[in-house]
Each structure stands twice: as structure tokens, then as C-alpha cells.
Amino acid sequence: MKFYNCIILASAFMISLSSCDEGRIYNDDTVQTEDGGAAHFSGIVTGTDTWSQGYTLALAGFEDGNEYALISKNIETSVSDGKCDITLSGIPGEVTKIELCAVDRLRRRVATFLSADFNPQSSPLQISAEAVDMSMSGAIQTEIFNTTCVQCHGGNGHAAAGLELLEGNSFGNLISVPSRKILGMDRVTPGKSAESELFLILDTDISADWNYDHSVEVVRQEKLDLIRNWIDNL
């Protein structure tokens with residue numbers, strides 16, 4: 001019996017030596033590094049506290065053709081003195097863009113405020129900006145009005161239905177301003193998207209008999225949700 005126990009002890013000792021040879025036991029001072037690249041943003045941001053529930057402001061990584069963030073790090077919704085200093089690490093190799101952005105609950109891109117190309121070989125990426133408007137209304141202006149609406153609702157007397165949506169004038173021409181097309185309705189009624197001309201003409205075909213159906217303009221659901229949630233939280 002004693003001889004049998006000695007064999008067991010000897011076998012256990014040999015197994016422990018084998019484990020050391022395979023590199024499975026590490027010294028206490030071994031530094032574990034995080035895989036992937038890194039990006040750092042520093043700058044002044046404003047409007048971070050204007051967003052409704054369901055949205056997150058983040059420094060995020062995207063790959064080409066994908067609206068969903070592969071990796072992201074949240075920005076606090078109330079940044080002290082507007083100063084933002086944030087590092088996103090562990091960025092996977094598929095990422096091609098780093099964005100200061102707003103995403104929804106699914107981490108789907110809703111608005112991009114700042115964007116930079118990302119190359120893992122050149123990591124860490126440094127991004128800086130003196131001032132970035134990250135407000136919810138700013139997102140609507142840049143993502144919807146500037147890209148879709150100002151062609152017909154510009155200035156210089158060429159604003160359709162007398163509605164100018166150029167930056168700096170758009171929201172004053174919308175909020176609590178009576179519609180020229182729908183009697184008894186405002187262009188935007190605070191807190192009531194279902195009773196606001198702006199949302200109705202984008203979400204339904206109510207404007208089909210106005211010589212132009214506005215519902216063909218904003219077809220992505222996350223953009224329509226952005227308009228609706230902004231109005232409902234005014």
C-alpha cells in the first residue's frame with residue numbers, strides 16, 4: 001500500500017512539472033494587457049443632458065456597412081464644465097471608424113457628431129475638438145434637416161410653405177407655430193408627436209395631396225423615432 005501511494009505522489013509531481021513547462025503558471029508580476037486597439041477623445045461637448053431615455057451618448061467603433069456599434073464606451077450625460085476625456089480600449093480589428101455618437105438601446109447608430117478613420121496599426125487614435133454640440137435637437141438638425149429638408153425648406157424666400165429649416169432658425173419656426181397646411185395643428189406641439197405636423201407628414205402619407213408626399217424622405221425607423229421622442233420630451 002505504501003509503495004502504491006509513492007507512485008501516486010510521484011505521478012502528481014511529474015504532472016505539476018509538465019504544467020510549468022506549458023506556461024500555465026505565471027509569475028505574480030506578469031502584466032495582463034487588453035487585446036485590441038484604443039482611441040481617445042478629449043474636448044468640450046454640450047447638450048449631453050438633453051436626450052430622452054433610450055439613448056446613449058458614446059465613443060464607439062463601427063465597421064463599414066454596419067449601423068451597430070461593435071464596441072462602445074458611454075459618455076456621462078452631464079459632463080462637468082463640458083469637458084470630456086474618454087478612452088475606448090479593446091477595439092477589435094474589424095472596426096474602421098471611431099465615432100462620437102448617439103446610439104439606441106440596440107447600440108444602433110442614431111446620430112454621428114464626430115468621426116475618424118481607425119487603423120489598428122496606428123493605435124492609439126487621438127481625437128480632439130474644441131466644441132461639439134451633442135444635443136438631441138442638434139442631432140435632428142444635422143441628421144435630418146440638413147441632409148433631407150433644407151433643399152425645399154431653405155432660406156432666401158424659397159422655403160416651401162413658409163417653413164425655413166436652416167440651422168439657427170429651424171426650431172423657432174417649428175415649436176408651437178401654427179401649421180399653414182393643417183388647420184388647428186401646430187408644426188410641433190411640445191409633448192405630443194401625434195398632434196404635430198412635422199411628425200405626421202414624415203410618418204404617414206397625410207401630405208400626399210400637397211403635391212409631395214413627405215413620408216418618402218425619412219424612411220429609417222431610428223430617425224423617425226428620434227423625431228418622435230424629441231417632440232414627446234419637449
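Begin by selecting strand E2 (residues 56–62) together with E3, which pair in the antiparallel sense over four bridges; helices (H or I, at least four residues) and strands (E, at least two) are DSSP runs numbered from the N terminus, and two strands pair if DSSP finds at least two bridges between them. Within this pair, Ala58 stands opposite Asn74 in E3. Before going further, note that this is a predicted model, in which local features need pLDDT of at least 70 and side-chain atom pairs count only at pLDDT 80 or more, while totals for chains, interfaces and linings use all residues. Residues are numbered from 1 along each chain as its sequence is written, and side-chain values use heavy atoms, with hydrogens and water left out.

Now widen the selection to the open sheet of four strands, which has the order E3-E2-E5-E6 and antiparallel pairing. Strand E3 (71–74) and strand E6 (109–117) stand at its edges with a single partner strand each, so one side of each is left without a neighbour in the sheet. On average, neighbouring strands of this sheet are turned by 25 degrees against each other, direction ignored, where axes are lines fitted to C-alpha atoms, for helices over the stretch in contact, and angles run from 0 to 180 degrees between N-to-C directions.

Next, select the open sheet formed by three strands in the order E4-E1-E7, whose pairing is mixed. Seven bridges join strand E1 (residues 37–46) to E7, and these two run parallel. Look also at Thr46, which stands opposite Asp133 in E7.

From there, turn to Phe113, which touches Trp51, Leu57, Leu100 and Val132, among others, when residues up to four places away in sequence are not counted; contact here means heavy atoms within 4.5 Å. In the largest nonpolar core, which has 52 residues, Phe41, Trp51, Ile98, Phe113 and Leu226 touch the most other members. Such a core is a set of buried Ala, Val, Leu, Ile, Met, Phe, Trp, Tyr and Cys residues joined through side-chain atoms within 4.5 Å, with buried meaning under 20% relative accessible area (1.4 Å probe, protein chains only). Helix H2 (residues 136–149) supplies the largest share of this core, six residues.

Finish at residues Cys152, His153, Ala160, Ile201 and His214, which lie nearest the centre of the largest pocket among the 23 residues that line it. On a 1 Å grid over the protein atoms alone, a pocket is an open set of points where a 1.4 Å probe fits, with protein on both sides within 12 Å along at least five of seven lines, and lining residues have an atom within 4 Å of a point. H3 gives the most to this lining, with four residues.

Methods: Buried < 20%, exposed > 50% of the residue type's maximum accessible area, 1.4 Å probe, protein only.
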